[in-house]
Amino acid sequence: MQKPYQRAFVSRLAQRLAAPEPLIQVLIGPRQVGKTTGLRQLLGDWSGPAHYANADDLLSTDRTWLLEQWQRARALGQGTLLVVDEIQKVFNWPETIKSLWDANPYCLRVVLLGSSALQLQSGLSESLAGRFEQIRVHHWDFTELHEAFGYDLDRYLRYGGYPGAVQFEQDFDRWYTYLKESIIEAVIGKDILQAKRVANQALFRQAFELLCHYPAQEISYTKLLGQLQDRGNVTLVKNYIELYEGAFMVRTIQKYSEKPWISKSSSPKILPACPALVALVARHASMDDPDWRGRVFELAVGLVLAQQQGELFYWREKNLEVDFIYRSREALYAIEVKSGRKQSEKGLQAFCDRVKKAKPIVITQDTFPVFSRDPQRFFSAVA
């Protein structure tokens with residue numbers, strides 16, 4: 001029997017936990033991307049004592065449940081691995097973990113995870129500063145879906161992102177319903193609206209669909225506001241986007257400038273978190289349309305870059321543009337995506353003429369698989 005696919009975060013987490021005195025490890029990321037599955041794989045390979053607890057099983061969210069799980073792990077011995085899933089469902093969990101950890105730091109190897117990214121991030125920033133490390137678990141990328149399910153690029157651009165939806169791809173209506181009800185509505189209804197106050201929930205949902213209609217496109221806050229079917233202001237739109245970014249459903253990038261205040265005031269380029277979200281809300285758009293396919297392919301490149309360590313921007317000056325500007329430590333790359341959407345590379349040349357340290361990179365559909373597998377190695381080889 002073939003061994004289930006194991007995502008890279010599992011081995012990274014195992015390495016951290018093997019350190020003499022690891023901090024609390026927190027897995028954070030969107031729903032339905034395999035966080036719990038990865039933890040179960042880690043537990044299966046763990047050689048020492050371990051205790052797994054899931055707050056989903058709670059009848060009461062009293063903090064004494066968490067104390068009981070901690071003590072069970074302590075009883076198994078020094079260095080026991082304690083994994084607590086759905087931690088955000090425990091009342092006052094950040095303060096409880098803080099007090100237990102501070103009373104005897106490093107006595108356990110602790111991993112926390114949950115389905116609500118917003119609630120997890122809020123709890124971490126409030127109480128556990130200096131005591132934890134995060135591992136971000138992203139949507140499944142092209143390389144992972146190719147290795148696990150045999151995806152080619154076309155299939156990735158149509159459906160990529162959620163492994164649980166793979167089984168429904170032959171029936172689009174069923175695939176659509178699964179994503180809409182089991183993932184999107186869970187994120188909006190449970191993760192965001194239960195954690196944050198949103199006055200007009202219908203408008204908030206409409207805003208998400210609108211954002212996903214603009215994959216890898218620059219769009220002003222004013223234009224976004226004008227397309228929402230209600231009165232509001234730019235601050236409202238920015239708040240909506242921040243909530244969706246906090247839930248790992250959308251990413252925005254700003255215009256590159258050596259003057260930070262110009263970047264912060266620029267119109268954002270919208271990166272929905274995976275191609276499946278674009279297909280979900282723009283289901284009538286056709287991949288046979290070169291312009292639309294080009295947008296989704298540009299999004300795929302942007303998502304790979306967004307997962308890397310460093311900073312990501314775009315650049316535009318009048319009718320000149322560069323799809324992505326990626327800064328990693330001292331290196332600066334100007335990245336043109338050859339998607340069939342546009343033919344001119346004048347923007348790439350103009351940017352590199354102005355910013356002498358920038359290294360030009362061109363990514364095509366033929367080179368994308370190599371780039372996706374190891375972007376840093378790809379840059380080193382071609383720059």
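Arg-72 is partly exposed, with a relative accessible area of 45%, where partly exposed denotes the range between buried (under 20% relative accessible area) and exposed (over 50%), computed with a 1.4 Å probe on protein chains only. The structure is a predicted model, in which local features need pLDDT of at least 70 and side-chain atom pairs count only at pLDDT 80 or more, while totals for chains, interfaces and linings use all residues. Residues are numbered from 1 along each chain as its sequence is written, and side-chain values use heavy atoms, with hydrogens and water left out. Arg-72 belongs to helix H3, which covers residues 64–75; helices (H or I, at least four residues) and strands (E, at least two) are DSSP runs numbered from the N terminus. Between Arg-72 and Glu-336 there are 264 residues of sequence separation and a C-alpha to C-alpha distance of 54 Å.

An open sheet is formed by five strands in the order S2-S3-S4-S1-S5, and its pairing is parallel; two strands are taken to pair if DSSP finds at least two bridges between them. At the edges of this sheet are strand S2 (50–54) and strand S5 (132–136), each of which pairs on one side only. On average, neighbouring strands of the sheet are turned by 20° against each other, direction ignored. Strand S1 (residues 24–28) and S5 run parallel and are joined by five bridges, and Ile-24 has Phe-132 in S5 as its bridge partner. Helix H5 (residues 117–127) packs on the sheet, where it touches S1, S4 and S5, and its direction makes about 150° with that of S1; such angles run from 0 to 180 degrees between N-to-C directions, the axes being lines fitted to C-alpha atoms, for helices over the stretch in contact. Helix H2 lies across S1, S2, strand S3 (80–85) and strand S4 (108–113), and runs at about 160° to S3, with contact defined as heavy atoms within 4.5 Å. Gly-44 lies in H2, which spans residues 35–45, and is exposed, its relative accessible area being 62%. Gly-44 is 144 residues from Ile-188 in sequence and 33 Å from it in space, C-alpha to C-alpha.

Ile-188 is in turn one of the H8 residues that meet H9. Helix H8 (residues 172–192) and helix H9 (residues 201–212) pack at an angle of about 130°, with their axes 12 Å apart. This makes H8 oblique to H9, since angles under 35 degrees count as roughly parallel, over 145 as roughly antiparallel, 65 to 115 as roughly perpendicular and the rest as oblique. On the H8 side the contact involves Lys-180, Ile-184, Glu-185, Ile-188, Gly-189 and Ile-192, which meet Phe-204, Arg-205, Phe-208 and Glu-209 in H9. The residues of this contact of H8 with H9 comprise five nonpolar, one polar and four charged, where Ala, Val, Leu, Ile, Met, Phe, Trp, Tyr, Cys and Pro count as nonpolar, Asp, Glu, Lys and Arg as charged, and the others, Gly among them, as polar.

A further open sheet has seven strands in the order S6-S8-S7-S9-S10-S11-S12, with mixed pairing. S6 and strand S12 (359–364) stand at its edges with a single partner strand each, so that one side of each is left without a neighbour in the sheet. Helix H15 (residues 346–354) packs on this sheet, touching S9, S10, S11 and S12, and its direction makes about 50° with that of S10. Strand S9 (residues 311–317) runs antiparallel to S10 and is joined to S10 by six bridges, with Arg-327 in S10 as the bridge partner of Glu-311.

Strand S8 pairs in the antiparallel sense with strand S6 (residues 217–218) over two bridges and with S7, also in the antiparallel sense, over four bridges. Lys-269 in S8 stands opposite Glu-218 and is also the bridge partner of Ile-253. In a regular strand the side chains alternate between the two faces of the sheet. In S8 (residues 269–272), Lys-269 and Leu-271 point one way and Ile-270 and Pro-272 the other way, and all are buried.

Two loop residues have positive phi values. Phe-248, which is not a glycine, has a positive phi of about 60°; Phe-248 lies in the loop between helix H11 (234–246) and strand S7 (250–255) and counts as buried at 12% relative accessibility. For Arg-329, likewise a residue other than glycine, phi is near 55°. Arg-329 is found in the loop between strand S10 (320–328) and strand S11 (331–338), and is exposed, with a relative accessible area of 81%.
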